[in-house]
Amino acid sequence: MASNAKRTRLLRTVAVTLGLLGLLSCAAVAQKGLLDERDPVSERQQLMKNQGANFKDLRDKAKAGNFAAIAVNAQNIAFAARHIPLLFPKGSLGTPEQKSRAKPEIWQDWDGFIAATTQTRDAALALWELTKDAEKQPVSAEQVQAAIKNLAESCKGCHDKFRKPKEQQ
Ligand code: HEC
């Protein structure tokens, strides 16, 4: 029976240690405002920065004629676009420090907002489809440029309607 007690004590120590490690890693994540369910505003700002970085990257690759390398950026944008609605819980306008540029219109026209995310997702998927086999099946620069323009317009479409201009933060 003594060994049972020992084992129980050992298990408890392990559980407590794991619990502490879990807390520590949560705190680290929360600090960055990344993947923090309690802070959808920071998370969506990070997601959007990431969309912007992927977009810049794919535009540079297009300029360099490196079409096959664009597929991964298009895929990232498509995946992220699916998550946009989750990061806009009703009325989440953030704290003054977060300087959220979300407009209240998002929740007044939720269907329009969802449609805008779908447009970006579909435009990114089309670009992915076009470039994913570009090494084996060459595509023209015009085709790639047209698909990128379409994607850029989808981002702008949502921003024009649902994002405040910078000075109004
Ligand atoms: C469905 C609407 C919607 C779509 C689609 C969308 N955005 Fe945004 N974006 C927003 C909103 C709203 C904000 C402001 C978020 C906030 O501050 O709370 C934003 C913010 C941004 C920011 C600023 C992030 C920051 O805080 O510094 C960038 C960059 C950005 N978007 C890039 C893009 C790109 C690139 C695309 C297309 C690939 C895109 N967005 C598609 C709605 C959208």
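Tutor: In this predicted model, α5 and α6 pack at an angle of about 165°, and their axes lie 9 Å apart.

Student: What makes α5 roughly antiparallel to α6?

Tutor: The angle does. Angles over 145 degrees count as roughly antiparallel. The angle here is about 165°, so α5 is roughly antiparallel to α6. The crossing of the pair is left-handed.

Student: Which residues make that contact?

Tutor: From α5, they include Gly 112, Phe 113, Ala 116 and Leu 130. From α6, they include Val 144, Ile 148, Leu 151 and Phe 162. By class, the contact of α5 with α6 has 14 nonpolar, 8 polar and 1 charged residues.

Student: Why are α3 and α5 called roughly antiparallel?

Tutor: Apply the rule again. Helix α3 covers residues 70-83 and helix α5 covers residues 110-131. They pack at about 160°, with axes 8 Å apart. The cut-off is over 145 degrees, and α3 and α5 are therefore roughly antiparallel to each other. Their crossing is left-handed.

Student: Which residues of α3 and α5 touch?

Tutor: Ile 70, Ala 74 and Ile 77 are among those of α3. Leu 125, Leu 127 and Trp 128 are among those of α5. The contact of α3 with α5 divides into 10 nonpolar, 4 polar and 2 charged residues.

Student: How many helices and strands does the protein have?

Tutor: There are 6 helices and 0 strands. From the N terminus, the elements run α-α-α-α-α-α.

Student: How much of the protein is buried?

Tutor: Buried residues are 21% of the 169 residues. To be buried, a residue needs 20 or more other C-beta atoms within 10 Å of its own.

Student: How do you know that Ala 141 is exposed?

Tutor: Count its neighbours. Ala 141 has 11, so Ala 141 is exposed. This residue is found in helix α6. Its C-alpha atom is separated by 9.8 Å from that of Asn 66, which lies 75 residues away along the chain.

Student: Why does Lys 99 count as exposed?

Tutor: Lys 99 has 12 C-beta neighbours inside 10 Å. The limit is 12 or fewer, so Lys 99 counts as exposed. Lys 99 is found in the loop between α3 and α4.

Student: What is the phi of Lys 99?

Tutor: Phi of Lys 99 is near 45°. That is a positive value in a residue other than glycine.

Student: What share of the contacts joins residues 24 or more positions apart?

Tutor: Take the contacts with a separation of 6 or more. Residues 24 or more positions apart account for 67% of them.

Student: Which residues come nearest to the ligand?

Tutor: Of the 23 residues around the ligand, Met 48, Gly 52, Ser 100, Cys 155 and Cys 158 come nearest. The elements giving two or more residues to this shell are α2, α5 and α6.

Student: Which element gives the largest share of the shell?

Tutor: α2 does, with 8 residues. By class, the shell has 12 nonpolar, 7 polar and 4 charged residues.

Definitions and conventions:
Residues numbered from 1 in each chain as written. Predicted model: local features only at pLDDT ≥ 70, side-chain atom pairs only at ≥ 80, totals over all residues. Axes fitted to C-alpha atoms, helices over the stretch in contact; angles between N-to-C directions. Helix = DSSP H or I, 4+ residues; strand = E, 2+ residues; numbered from the N terminus. Parallel < 35°, antiparallel > 145°, perpendicular 65-115°, else oblique. Left-handed = near helix turned anticlockwise from the far one by under 90°. Contact = placed C-beta atoms within 7 Å. Nonpolar A, V, L, I, M, F, W, Y, C, P; charged D, E, K, R; others polar. Near = placed C-beta within 6 Å.
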